[in-house]
Amino acid sequence: MEPRPALHRASILHFRGDPGPNDDPTSFGYWERGALLVRNGRVQAIGDASEVHGDADTPVIDHGRRLIVPGFIDTHVHCPQTDIIAAGGSNLLDWLERYAFPAEQRFADPAHAREVADFFLDELLENGTTTAQVLCTVHRTSVEQLFEAALARQLRIIAGKVLMDTNCPEDLRDTAAGGERDTRELIETWHGRERLHYAMTVRFALTSSEAQLASTGALAREYPDVFFHTHLAENREEVQAVRRAFPRDRSYLGVYDRFGLLRQRATYAHGIYLDDTDRRRLAASGAGVAFCPSSNLYLGSGLFDLAASDAAGMRYALATDVGAGSSFSMLRTMGEAYKVAQLQGQRLSSLRAFYLATLAGARMLRLDAHIGHFAPGAEADFIVLDPEATPLLARRMELARTLSEQLQLYMILGDDRTVAGTYILGRPVQRRAVRL
């Protein structure tokens, strides 16, 4: 059944392009008293409330002083690590051994995989995330259960079975041939089904043999519209280990490049320890980097260099990276990104932070024909932010005089309580959403 048409009135913000370091005024559209007309799950019109109207029988939902923005896009997050969020650890490799791998071993059980997937997706929605690129585990059922749960919610999800055939626990290990077979079958079953997409998912270079990397490269050539998802240069010890394991390659990125894995729709999480040659190569290939400020700070991995990435023309967008990331909230993740920039003497404006959480992700994933903005015809995935969600936020908002000041408050003081409503294809799907 198609969702009922509706006219939503509120302050409305969306992006047409990257605001850049100087908040280009042509890069976004903002209406203090705006209207968003939704019909058949898509945006029909957007503009000032005095100019955008529905039919005589179109329901009007007045959100008052609240702000409507496109649904957040989380470009890198681990479903199986939901139950280890906030676990300690001395560094990345220690954290994987002590917490991540043991948690992932439980996903051989389909019932456990489905229970976690249901909780995970509902948590995304509570935090205003309407699209996510998700790592599962080495088990096929971890992907199948996540996709089934996403289908039930009509979510746009990119996910894949993790490929690992070396340097990992025995019961989380596949083989090059077995991983290729499973990946091919999962692609044929799930990729392009409703709003689902498949990602060939190498955990990172250290846990895949050259044979497995080669088989993944062959799959990438066979399925050019399928996504590729992995980790890159997150931690100094990891980078040194990759250098020892692959001495013939110029850099960590060069390992993936040698196997044909740099291309559009490829996402490399972290990208902290890159040089300018690597960044330019990423830019030329059309691949992108998931900027994961929360997990990078939590594990002490390092600081993502926004200025160097911009100078190289490299694509990047925000990601929570739960469970090393300490929150499902993209608002809190924006706040962490702001701090990462500050620690390097760089600037991340609130406008650009919201861009990185919406349209930047859609562009990097090559999904901007469908999501990330409110151009007529776009899918109506959007959220409603409440400026009075907490007493402190309400008090500070009274003193905000500009849009940038308001957005700064949302991303520093906001969290899941700030998301008053989440809408998927025009349908309210989150407990606080206003329902027709």
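Thr-277 is partly exposed, because its relative accessibility of 38% falls between the limits for buried (under 20% relative accessible area) and exposed (over 50%), computed with a 1.4 Å probe on protein chains only. Thr-277 is found in helix H8 (residues 276–285); helices (H or I, at least four residues) and strands (E, at least two) are DSSP runs numbered from the N terminus. Between the C-alpha atoms of Thr-277 and Gly-178 there are 35 Å in space, and the two are 99 residues apart in sequence.

This is a predicted model, in which local features need pLDDT of at least 70 and side-chain atom pairs count only at pLDDT 80 or more, while totals for chains, interfaces and linings use all residues. Residues are numbered from 1 along each chain as its sequence is written, and side-chain values use heavy atoms, with hydrogens and water left out.

**Helix H4**

- H4 has 15 residues and spans 21 Å from its first C-alpha to its last, close to the expected 21 Å, where the expected span is 1.5 Å times one less than the number of residues.
- The buried residues of H4 are Ala-176, Gly-178, Gly-179, Asp-182, Thr-183, Leu-186, Ile-187 and Trp-190.
- Gly-192, which follows H4, has a positive phi near 85°.

- Strand S1 (residues 6–15) pairs with strand S2 (residues 28–39) in the antiparallel sense over nine bridges; two strands pair if DSSP finds at least two bridges between them.
- S2 and S3 form a hairpin with two residues between them, and Asn-40 in the turn has a positive phi of about 55°.

**Aromatic pairs**

- There are 13 aromatic pairs, defined as rings of Phe, Tyr and Trp (its six-membered ring) with centres within 6.5 Å; planes under 30 degrees apart count as stacked, over 60 as edge-to-face and the rest as tilted.
- The pair of Phe-147 and Trp-190 is tilted, because the ring centres are 5.2 Å apart and the planes stand at 35°.
- Phe-147 in helix H3 (residues 140–153) and Trp-190 in helix H4 (residues 176–190) are 43 residues apart, so this pair links distant parts of the chain.
- Phe-147 and Trp-190 are both buried.
- Phe-228, Tyr-252, Tyr-256 and Tyr-268 are linked into a cluster by ring pairs.

**Salt bridges**

- The count comes to 30 salt bridges, each a side-chain nitrogen of Lys or Arg within 4 Å of a carboxyl oxygen of Asp or Glu.
- Arg-352 and Asp-18 form a salt bridge, with the closest N and O atoms 2.9 Å apart.
- Arg-352 is buried, with a relative accessible area of 6%, whereas Asp-18 is partly exposed at 30% relative accessibility.
- Glu-379 and Arg-156 form a salt bridge with the closest N and O atoms 2.6 Å apart, and both residues are buried.
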